[in-house]
Each structure stands twice: as structure tokens, then as C-alpha cells.
Amino acid sequence: MSLNEYLKQATDNGWAIGHFNASELDQMRSILDACKDASSPAMIGTSEGESKHLGLAEAVALRDAFRIKYGIPVFLNADHHKSAEAAIKAIDAGYDSVHIDLSSFPMEENIAGTKMVVDYARQRESRIKNQESRISVEGELGYLRGESKIHHEKIEVKPEDYTKVDQAKEFVARTGVDRLAIVIGNIHGIAPSHPHLDVQRVLDIRRAIPNSVALVLHGGSGIPDGEVEEVIGVGIANVHINTELRVAYVHGMKRGFELYPNEVSMYKLDQEAIKAMKLVVKEKLKLFGAVNKI
Ligand SMILES: [Zn+2]
């Protein structure tokens, strides 16, 4: 099944596909070990920074190798690519999915750039002519604050930051995206506090757009489990987790250095990091209802 088909199942049945970021081979392994154990489709994301570190061609080659090794669906997404040019490069490299994030631009520019990427993806698919080659394109609307890190200060989310229902409807109709990232009180990173997610807004947006378009929640790190379950229950079909993985991985790495102060083999030192990150992914898959969904 394609990523879009899995997303449609998730939307129809009230669960969500976990989107987990990685910039290292070991991090990908942590994600895939957890997804394999849970029989969950795996969606691995690389932001522009992570893509640059890993390399687009390298990421695609790893995905192909992991598909064979793990025997589960593995989808690679170019997360938060902030120009049509960057998103198109990822499509050309063989990514299954791109997130073209032009949300910082005015609506009309966002629509024009996003549509350009959608059109490009469709042209590429028609050249390949294979259902599996369907490229899932995500657009974003609303002002998502914060970065994927631990914020020590409170981040003020303003009502005007939220995705508006009528604009979401227009954006989806005019761009033809497969997924829409929305702002409903979420932020990137972990902050001391944030507003309760706007469940009603998810419901309203869900009703305003076709069922074939999946709703995406970014900044899933640090949101209380109950709130995540609530929004998945009303139509969020894809949840992004990055900061909690970064924290687990780096803490695990530090623990490795403490436990084995004389060790110089990286492959031994990073075992703690791999274990810690896998544990987070495992918990999230349970929370998202993504277990036994292959
Ligand atoms: Zn994000």
C-alpha cells in the first residue's frame, strides 16, 4: 500500500501514523526496530538540516535497504522543506513524500509554491506509472512557532496563528495536497506550557476538506498523551515526533560515555542511545493506535 492509502485508513479508523525524524543510520534503526516489533508502517522524516547531514541519495538508499531487511512498509518524507526547489530535489532523489512548508509566506504565495510541487510530483508519477510510486505531498497552513529543542521560556501561541477553516478548505482545493499540517495550539519542541489543543478546530477542518486528505499534527513532543489521543480521535492521521527522540538519543549517548569511560568504539558507545530512542518510538506507536496496522 502507498503512504496515502495508509493515511486514508488511519483517517477512517481513528489512528495515526507516527512520523519520526532521523539524521543518523542508528536513529533510523531505532525507529524501524520499534515499528517492526509493533507491526506498524514506518514513516521516517528528514528536515532540510537532517537531509543535508544524511544526504538525499544516502537516505533513499538506506530506505531501500531497510525495506528489504525489515520487511515492513518504510516511507521517507522530506520534512519542512522550505522552498519548492528543495522539495523537488527530494522528489528527484526518490523520496516517497515531501512536506513543502511555505506557511511563512502569504496565502497566495503558499498556494502557488505548494501547487507547483504537487504538479511536479504528479508528473513524475505519470512517468513511472505504478501505484506504489504515488508521492504524498503535504502542505502547511498557519503559524507554527518554536524549534525542535527544549525551550526554557513559555512560547506564546496567538489565536491568529491557528489554521482557519475556510482557508484550509481553499488551500486543499487549490493545491491538491495529500496532507495538510495544521496549527491548533501545537508548537515545535518541548516548552514549559502550551495551550490545550483546539479539538473543535480539528473537527471543523476535518469536515471542511475531503476524506482523502490527511490532517497532520507537528510538534507532537511534549503534548500530554490525553490531548494527542483526543485529536487523533477527531481526525489527525499523522503525528510528528522529533524533539523527544533527540532528547532520548543524546541522553542515551551521554549515558554510554559515562558507563564506559574508556571505550572508544562508537558502535559500542551508541547502544544506549539506540535503546533509548527505540523506547520512545515504541510508546508513541501505542499512543497513536498504530500497532498491528500492516
Ligand atoms: Zn514539524
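**Helices 7 and 8.** I started with helix 7 (residues 165–175) and helix 8 (residues 199–208), which pack at an angle of about 35°, with axes 9 Å apart. My helices (H or I, at least four residues) and strands (E, at least two) are DSSP runs, numbered from the N terminus. Axes are lines fitted to C-alpha atoms, for helices over the stretch in contact, and angles run from 0 to 180 degrees between N-to-C directions. This is a predicted model, where local features need pLDDT of at least 70 and side-chain atom pairs count only at pLDDT 80 or more, while totals for chains, interfaces and linings use all residues. Residues are numbered from 1 along each chain as its sequence is written.

Which residues meet here? Val165, Ala168 and Lys169 of helix 7 touch Asp204, Ile205 and Ala208 of helix 8, where contact asks for C-beta atoms, placed from the backbone, within 7 Å. By class, I noted 4 nonpolar, no polar and 2 charged residues in this contact. Nonpolar covers Ala, Val, Leu, Ile, Met, Phe, Trp, Tyr, Cys and Pro; charged covers Asp, Glu, Lys and Arg; the others, Gly among them, are polar.

**Helices 10 and 12.** Next came helix 10 (residues 243–259) with helix 12 (residues 271–287), packed at about 150° with axes 7 Å apart. That makes the two helices roughly antiparallel (over 145 degrees; under 35 is roughly parallel, 65 to 115 roughly perpendicular and the rest oblique). Their crossing is right-handed. The contact includes Leu245 and Tyr249 of helix 10 and Ala276 and Leu279 of helix 12. I counted its classes as 10 nonpolar, 4 polar and 4 charged residues.

I checked strand 2 (residues 42–46) and strand 3 (residues 74–81), which pair in parallel over 5 bridges. Gly45 has Asn77 in strand 3 as its bridge partner. Strands 6 and 7 also run parallel, joined by 4 bridges, and Leu180 is bridged to Leu215 in strand 7.

**Strand 7, both sides.** In a regular strand, side chains alternate between the two faces of the sheet. Strand 7 is covered on both faces: Ala214 and Val216 on one side, Leu215 and Leu217 on the other, are all buried. Buried means 20 or more other C-beta atoms within 10 Å of a residue's own, exposed 12 or fewer, and partly exposed in between, with C-beta atoms placed from the backbone.

**Two positive phi values.** Ser39 is a non-glycine residue with a positive phi, near 50°, in the loop between helix 2 (25–38) and strand 2. Ser39 counts as partly exposed because it has 13 C-beta neighbours inside 10 Å. His80, also not a glycine, has a positive phi near 45° and lies in strand 3.

Is His80 buried or exposed? His80 is buried, because 29 other C-beta atoms lie within 10 Å.

**Ala87.** My last stop was Ala87 in helix 5 (residues 84–93). Leaving aside neighbours within four places in sequence, Ala87 contacts Ala78, His81, Val98, Ile100 and Val117.

Notes
Left-handed = near helix turned anticlockwise from the far one by under 90°. Contact = placed C-beta atoms within 7 Å. Pairing = 2+ DSSP bridges.
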